[in-house]
Amino acid sequence: MPLKSPTEDDYLGIYSIMFWTLTLIGVVKYACIALKADDQGEGGTFALYSKLCRNMNIGILSRKYSNSDSGFSPSILHNGTKNKSALGKFFEKSIIARRVLLFIAILGMCMLIGDGILTPAISVLSAMDGVRGPFPSVSKSMVEGLSAVVLIVLFLLQKFGTSRVSFLFSPIMGAWTLCTPMVGIYSIVRYYPGIFKAISPHYIFNFFWRNGKEGWLLLGGTVLCITGSEALFADLGHFNRRSIQIAFLVTIYPSLVLTYAGQTAYLIKNPNDHDDGFYKFIPTKIYWPIFIVSTLAAIVASQSLISATFSVIKQSVVLDYFPRVKVVHTSPSKEGEVYSPEVNYILMILCVAVILIFGDGKDIGNAFGVVVILVMLITTILLTLVMIIIWRTPFFLVGLYFSVFFIMEGVYVSAVFTKIPEGGWIPFAISLILAFIMFGWFYGRQRKIEYELTYKITLDRLGQLISDPSVQRVPGLCFFYTNIQDGLTPILGHYIKNMKSLHRVTIFTTLRYLLVPKVAPHERIVVNKLGYRGVYGCVIQYGYADPLNLEGDDFVRQVISSLQAHIQNNSGCLSSDTSDILEQISDLEEAWSAGVVHVRGKTRFHIGKNSGWFDRTMLAFYEVLHSNCRPALPALGVPLPQRIEVGMLYEA
């Protein structure tokens, strides 16, 4: 905070602002209210958005992916559609209102990703800056270089997953939340025992009365005291509500109150040390232990935001809002522990660039403040809609909540916006690029769905294609993937036209995104016969927090098991039916053992590992697309690859 000749009353006013910011936003808004607005255990801005969409059918995605008349998929999307509020009806009728709401949710996600870039940079840089206390000769460039090295090592370790080092997280954070308030208590007793008189709000009014515009501009610095509150809400996906409330109210909140009180007490007696208010108030005898703890705590904080960024990217990919980057599950037991190599290295480059280009911690702090307060303001808006549309909270309480937090955070936003030329433009640039990518990708995917709906193949048309004498049924199991549910993918027509064949067991698989975090295992796969021998429909239902792996043996095994159960449960009890059931089940097992083919818009052929042949359809398709290889492949006996990447022969 760029203070100029601060007085005792200035410091008391600033501490009063921080105390009430922590209390109102941290305790009241997040710990007591926002944590109750979870979406089936998941938290964060997008959880609020999906909660609104799921309850009131105001989502854009849900209309494209889920409202269909396919006849073989039960809907589990929307609850509470009766007795809708007037505001809910307005959103359902207005496409503009729904798009604005979607834009707000996407902006919150983009800002959180930006937070994943700025948090490691400012946390590690500010912690490493403690080296300059005992060694003033160390230059800022040296500190920036050391911080960059620490971050590079941290990002290079991401591929191993957090489970291998997570046993250290609790001791580190426990030491941090214990050591700093102890130092704070020491400083209070030694320098200014009456510091807690600043809790009185009149110190806030006096501060603004004396400082006017300068005091308002200083709010861009005080907002940093509440960073992490949004993560408190987003962590609902990893911890339950009660554990987060206990952790915050019993340890974090008292620790922050006492630490800031101790710093304020020190600065009142040493008013010119505000440029380094943290390390200066650490006693000399424990300086290096606190430095080590603070550096480790900064690394843990960075790790938490990096992991959160991976999770957000994964959710965006699942929702078709982000290009198909590689997502790896680094833990066999924890679904939420994911890693994306491309995203990881991009984050590493951006974090290091932020440190080396904007090495001044104040510039990064300005950018950080913009991210923090905008995400909080978005949460306030979405939470207000949840209160009105879903909770049906009395108007007086909704008005009280909205007026207090919207005005409070709005004042903070107005202050941090003045910092845009001084580094605050960084998160806006990052968010703008991300939003452009996400909306562009979403638009392209929607156009693809529209194409598939326009040129879809009906069941009657499928019957005509199968009955054609020139079309043969060849051994093997084939999955056709699509996002539409009231017809079959146009890929089928091109496939049969070029191959003149269809596998004996063909499964038309529809990916169905549901506006819920996770889908129950018994509702994950919904199958049905489509009226022709060996032809089935399958709907894969998933939520935004569900892992989605459509190529592993486990997926095929689950689909086959579901088909076998469906065949057994939906057939009669006559002996002829029994033999037919056994024959259909036998066909499934033989097709599975022969080989598995996955066909998409960007197609991947997966040949079963145990198959010793390469059927006519596969070879023909390979030859059609790679005609230059036709003489070489069969003649030279080239070993057949497990997977072949090809492009489809249709425009989408």
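Two strands are taken to pair if DSSP finds at least two bridges between them. The legends below refer to a predicted model.

**Close-up 1. Strand β5 pairs with strand β6 in an antiparallel arrangement.** Five bridges connect β5, residues 525-529, to β6. Among the bridged residues, Lys529 has Tyr536 of β6 as its partner. The two strands form a hairpin in which five residues lie between them. Within the turn, Gly531 adopts a positive phi of about 95°.

**Close-up 2. Strand β4 runs parallel to strand β6.** Here β4, residues 501-513, is joined to β6 by eight bridges.

**Close-up 3. Strand β6 is mostly covered.** The strand spans residues 535-542, and eight of its eight residues are buried. In a regular strand, side chains alternate between the two faces of the sheet. In β6, Val535, Gly537, Val539 and Gln541 point one way, while Tyr536, Cys538, Ile540 and Tyr542 point the other way. Residues of both sets are buried.

**Close-up 4. Helices α5 and α6 cross in a right-handed sense.** The axes of α5 (residues 95-128) and α6 (residues 140-156) come within 9 Å and cross at roughly 130°; the two helices are therefore oblique to each other. On the α5 side, the contact is made by Pro120, Ala121, Val124, Leu125 and Met128. Helix α6 contributes Val143, Glu144, Leu146, Ser147, Val150 and Leu151. Classified by residue type, this contact of α5 with α6 comprises nine nonpolar, one polar and one charged residues.

How values were computed:
Residues numbered from 1 in each chain as written. Predicted model: local features only at pLDDT ≥ 70, side-chain atom pairs only at ≥ 80, totals over all residues. Heavy atoms only, no water. Buried < 20%, exposed > 50% of the residue type's maximum accessible area, 1.4 Å probe, protein only. Helix = DSSP H or I, 4+ residues; strand = E, 2+ residues; numbered from the N terminus. Axes fitted to C-alpha atoms, helices over the stretch in contact; angles between N-to-C directions. Parallel < 35°, antiparallel > 145°, perpendicular 65-115°, else oblique. Left-handed = near helix turned anticlockwise from the far one by under 90°. Contact = heavy atoms within 4.5 Å. Nonpolar A, V, L, I, M, F, W, Y, C, P; charged D, E, K, R; others polar.
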